[in-house]
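Here's a quick look at the aromatic side chains in this one. Have the viewer open and follow along.

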Amino acid sequence: LFLRRGPPSSDEVGIDDGARTTLWVFGRRVCGQVSPPVPQPGLTLHDVRSVALGAEHVLVVTRTGLALAWGGNSCGQLGTGDEKPRGWPTSLHLLGAVRCASAACGPRCSAVITLDERLWTWGEHQPASAPALLHTSWVNRHGATDCGLHAAQVAFGGAHMVLLTSGGAVWTWGYNESSCLGWPAAMVHASLRHGFQKPRSPVVLPQALCVAAGAAHSAALVDAGGGRGVPYLWGDNSCGQCGVGGGGCLPLPMPPPGFEAESVSLVRCVGGTSVLVCHSGRCYLLGGGARVEAASSSEEEGGISEGASSAGSEGEQEAGGEGGDGGGAGG
């Protein structure tokens, strides 16, 4: 999906200086038909500001703070309180009392962060099939920790979640068989590596700027001062997605070697691959058994070198697994 910017409608003039947005969609729909790029029906009256993709569903947030969802609903990921799929954008009336700011999706789960920085989630591995305030839900032992408050960004993996707060703290919860939660205590207590794990305390990290989650690994970009960003990765490393050799798992967050001279501006995870974008314009793909550098357009006219293209295909194969920031096929 992508957003096309256009002139604001008459009722928006003086309310929002930004241009009005139109959502275009393409690919396989719920009915099984494959659609070419077309404006999404049912959103004509809405100005979309945030879009998130799951494996088979879409969640959007409008300028007015309304959340709408459509697509597959086998795990209640649409937030309608049932498991019936929707082929048309459906307003989430259960969120009618709050104003949403951003949307996020996992393969079969969804979330919104509201203007008051609270996290609401629903679907697979979440409190319920209807929107629930994570902080007061059973997942957080009904308010036992501050997880779910001061939320700034959330990322969904295959079966784990990573939350960034507005203060730069990182919370993790979910299934931890691959050490994707980054908990030191899990190294000595086997019970913390099996079954669903509830939030305990923030991950030991410097102040984070953004977070990401792959199928079974996690990442955070931390502030190293002087405008320099340093990536930290942990969890499943079977494809080299944490940037170190040897496979296996990386139980604690660590910066990948070889990036000491780089300043990373963005980190993303898709399936078994990590993507690091640097201020220099370089993009690094970690996964598929090798670290690959995609040259910036200013250095090489083709944009991506031949070696990077071939290794990128391997990364795409790995990315076919579930999980990753936008989740499943959406990622």
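## Ground rules

Buried here means under 20% relative accessible area, exposed means over 50%, and partly exposed is in between (1.4 Å probe, protein chains only). This is a predicted model, where local features need pLDDT of at least 70, side-chain atom pairs count only at pLDDT 80 or more, and totals for chains, interfaces and linings use all residues. Residues are numbered from 1 along each chain as its sequence is written, and side-chain values use heavy atoms, with hydrogens and water left out.

## Tyr 175 and Phe 196

There are 3 aromatic pairs in the structure (ring centres of Phe, Tyr or the six-membered ring of Trp within 6.5 Å; planes under 30 degrees apart are stacked, over 60 edge-to-face, the rest tilted). Take Tyr 175 and Phe 196: their ring centres sit 5.6 Å apart with the planes at 80°, so this pair is edge-to-face. Tyr 175 belongs to strand E14 (residues 170-175) and Phe 196 to strand E15 (residues 196-197), so the pair ties together parts 21 residues apart in sequence. Strands are DSSP runs of at least two residues, numbered from the N terminus.

Tyr 175 is partly exposed at 30% relative accessibility, and Phe 196 is partly exposed too, at 23%.

## Phe 259 and Tyr 284

Phe 259 and Tyr 284 also pair up edge-to-face, at 4.9 Å centre to centre and 80° between the planes. Phe 259 is in the loop between strands E19 (249-254) and E20 (264-270), while Tyr 284 is in strand E22 (residues 283-287), 25 residues apart. Phe 259 is buried, with a relative accessible area of 5%, and Tyr 284 is buried at 9%.

Notes: Helices (H or I, at least four residues) and strands (E, at least two) are DSSP runs, numbered from the N terminus.
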